[in-house]
Amino acid sequence: FEPPFVNDGALAAGGKGLKLSAVSLPPDQKHSASREDPSLGESSLLEVLHVTAGLGLAHGGTSYAVPRSCRSQAAAGARVTLFSVAGQDESGSDTVVDGYRDRRFRWNLAGIPILRELRCSWDLLRALQHTVPHGDVVHGHGLWLMPNVYDGRVAAQNKKPYVVSSHGMLGPTALTFSRGKKIAFWYMYQRRIVHKAACIHVTSESEYEEVRAIGLVNPVAII
């Protein structure tokens, strides 16, 4: 398999980049360990905004891993909100689950073939535009769908650190599935979003190598 999304600049740099065991924010974006929010009446470490395209079984491991991450961060004292697109027959919702806020938004174009595969949600985009300016970190989960573009774009517009968890979607097997669509989506949307990420989160050395194999030189955290 020859990676289809190689970046020339990355190759010129020898495909090298930072491999991290933990993520630190730049000095100008650090906050005190505990800060008061009058609207909540309690302290919090960070306000973390997670974004994923969906939480249904069709989304595989992310439907389990992302909520679990939200629960763990909330238990550690962070203010956590999870943004996702609701199922085709579901309306939007806004609930508190296991200490974090779970916000789900209407799926636009769900009844139109091809376009439905993008998981568009105008309400999700508007919610991010309203919320991200007040958050500390935006953490996107997955690739190849419009919510995976909204999060990075809005984070960049508001100069917020953006973390991407690839969830194995950059592996050789994953890239061969719907390869043509992914190449088009990469060059139209995803490439510039991922390249601007402050950090790429992976869970193993092999996933780290997959990130480097396609030419990305962003810092990578293996957690």
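Trainee: What share of the contacts in the chain with a separation of 6 or more comes from residues 24 or more positions apart?

Mentor: A contact means heavy atoms within 4.5 Å. Here, residues 24 or more positions apart account for 62% of the contacts with a separation of 6 or more. Keep in mind that this is a predicted model: local features need pLDDT of at least 70, side-chain atom pairs count only at pLDDT 80 or more, and totals for chains, interfaces and linings use all residues. Residues are numbered from 1 along each chain as its sequence is written, and side-chain values use heavy atoms, with hydrogens and water left out.

Trainee: How many helices and strands does the chain have?

Mentor: Both are DSSP runs, numbered from the N terminus: helices are H or I with at least four residues, strands are E with at least two. This chain has seven helices and eleven strands.

Trainee: What percentage of the residues is buried?

Mentor: Buried means under 20% relative accessible area, exposed means over 50%, and partly exposed is in between (1.4 Å probe, protein chains only). Of the 223 residues in the chain, 43% are buried.

Trainee: How many salt bridges are there?

Mentor: Look for a side-chain nitrogen of Lys or Arg within 4 Å of a carboxyl oxygen of Asp or Glu. That rule gives seven salt bridges. One of them pairs D102 with R104, at 3.0 Å from N to O. D102 is buried, at 5% relative accessible area, and R104 is partly exposed, at 28%.

Trainee: Which parts does the E117 and K181 pair tie together?

Mentor: Start with the bridge: the side chains of E117 and K181 meet at 3.2 Å, N to O. E117 sits in the loop between β7 (100–105) and α3 (122–131) and K181 in helix α6, so the pair ties together parts 64 residues apart in sequence. E117 is partly exposed, at 43%; K181 is exposed, at 53%.

Trainee: Which residues are closest to the centre of the largest pocket?

Mentor: On a 1 Å grid over the protein atoms alone, a pocket is an open set of points where a 1.4 Å probe fits, with protein on both sides within 12 Å along at least five of seven lines; lining residues have an atom within 4 Å of a point. The largest pocket holds about 1,000 Å³ of space. It has 39 lining residues, and E117, L118, R119, W144 and L145 are the closest to its centre.

Trainee: Which element gives the most to that lining?

Mentor: Helix α6 does, with six residues.

Definitions and conventions
Grid points are joined across faces, edges and corners, and a volume is the space filled by probe spheres set on the points.
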